[in-house]
Amino acid sequence: MKLSEIKNKLNKLDKIAFQLPNGEIVPNHFHVTEVGKITKHFIDCGGTVRNEEVVNFQLWNANDYDHRLHPEKLLSIIELSERVLGIEDLEIEVEYQGDTIGKFGLDFDGKNFLLTNKQTDCLAKDKCGIPEEKPKTKLSELKNEPSCSPGSGCC
């Protein structure tokens, strides 16, 4: 989800809820402790230099159970970040503390913001020897072709 999309959705909501990939809802007394731009400048295993930028939201829980972040407050935090940090309309990555800090993508189901699992991947598969997956063949789709029978002398 891009920054413009979350802003559009926040304008239409009365309350904010984030749902983890396992279905659990982030406790509603969460804070958004950071909104920022993360720039990653790296070289992949094939030797290609790459740059990636994302908008980062950090969610955090404290023991202040009466805290509720309202959509208009999160919108104001986002807009301040855009002005002060020069954040563009980038994809959003969400950090949330589980057993360790998890990084998630973001989606929306019409009610909740969904924290989606992210995966690592090789960006240079053509250069680092990873074989392409062979197409799977169903044995039931193979034609019955003549074959050698025992004792026929064809083998």
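This is a predicted model: local features need pLDDT of at least 70, side-chain atom pairs count only at pLDDT 80 or more; totals for chains, interfaces and linings use all residues.
At what angle do helix α1 (residues 3-10) and helix α2 (residues 71-85) pack, and how far apart are their axes?

Residues are numbered from 1 along each chain as its sequence is written, and side-chain values use heavy atoms, with hydrogens and water left out.

**View 1. Packing of helix α1 against helix α2.** The two helices pack at an angle of about 150°, with their axes 9 Å apart; axes are lines fitted to C-alpha atoms, for helices over the stretch in contact, and angles run from 0 to 180 degrees between N-to-C directions. Helices α1 and α2 are therefore roughly antiparallel to each other, a term that applies to angles over 145 degrees. The contact (heavy atoms within 4.5 Å) is made by Leu3, Ile6, Lys7 and Leu10 of α1 together with Pro71, Leu74, Leu75, Ile78, Glu79 and Glu82 of α2. By class, the residues of this contact comprise seven nonpolar, no polar and three charged.

**View 2. The chain as a whole.** The protein chain has two helices and six strands, where helices (H or I, at least four residues) and strands (E, at least two) are DSSP runs numbered from the N terminus. Along the sequence these elements follow the pattern α-β-β-β-α-β-β-β. Of the 155 residues, 31% count as buried, buried meaning under 20% relative accessible area and exposed over 50%, with partly exposed in between (1.4 Å probe, protein chains only). Among contacts with a separation of 6 or more, 65% are accounted for by residues 24 or more positions apart.

**View 3. Cysteine 45 and cysteine 122.** A search of the whole structure finds zero disulfides, a disulfide being a pair of cysteine sulfur atoms within 2.5 Å. Cysteine 45 is in no disulfide, and the nearest cysteine sulfur, that of cysteine 122, is 3.6 Å away. Cysteine 45 counts as exposed because its relative accessibility is 55%, whereas cysteine 122, at 18% relative accessibility, counts as buried.

View 4. Asparagine 56 has its place in strand β3 (residues 49-61) and is buried, with a relative accessible area of 3%. When residues up to four places away in sequence are not counted, asparagine 56 touches Glu34, Val35, Gly36, Ile38, Glu93 and Glu95.

View 5. Strand β6 (residues 113-117) holds leucine 115, which is buried at a relative accessible area of 2%. Leaving aside neighbours within four places in sequence, leucine 115 is in contact with Phe18, Gln19, Leu20, Pro21, Val26, Leu59, Val94, Tyr96, Phe104, Gly105 and Leu106. Leucine 115 and tyrosine 96 are 19 residues apart in sequence, and their C-alpha atoms are 9.2 Å apart in space.

**View 6. Alanine 62 in the loop between β3 and α2.** Alanine 62 is found in the loop that joins β3 and α2, and with a relative accessible area of 17% alanine 62 is buried. Apart from neighbours within four places in sequence, alanine 62 is in contact with His29 and His31. The C-alpha atoms of alanine 62 and histidine 31 are separated by 7.8 Å, the two residues being 31 residues apart along the chain.

Definitions and conventions: Angles under 35 degrees count as roughly parallel, over 145 as roughly antiparallel, 65 to 115 as roughly perpendicular and the rest as oblique. Ala, Val, Leu, Ile, Met, Phe, Trp, Tyr, Cys and Pro count as nonpolar, Asp, Glu, Lys and Arg as charged, and the others, Gly among them, as polar.
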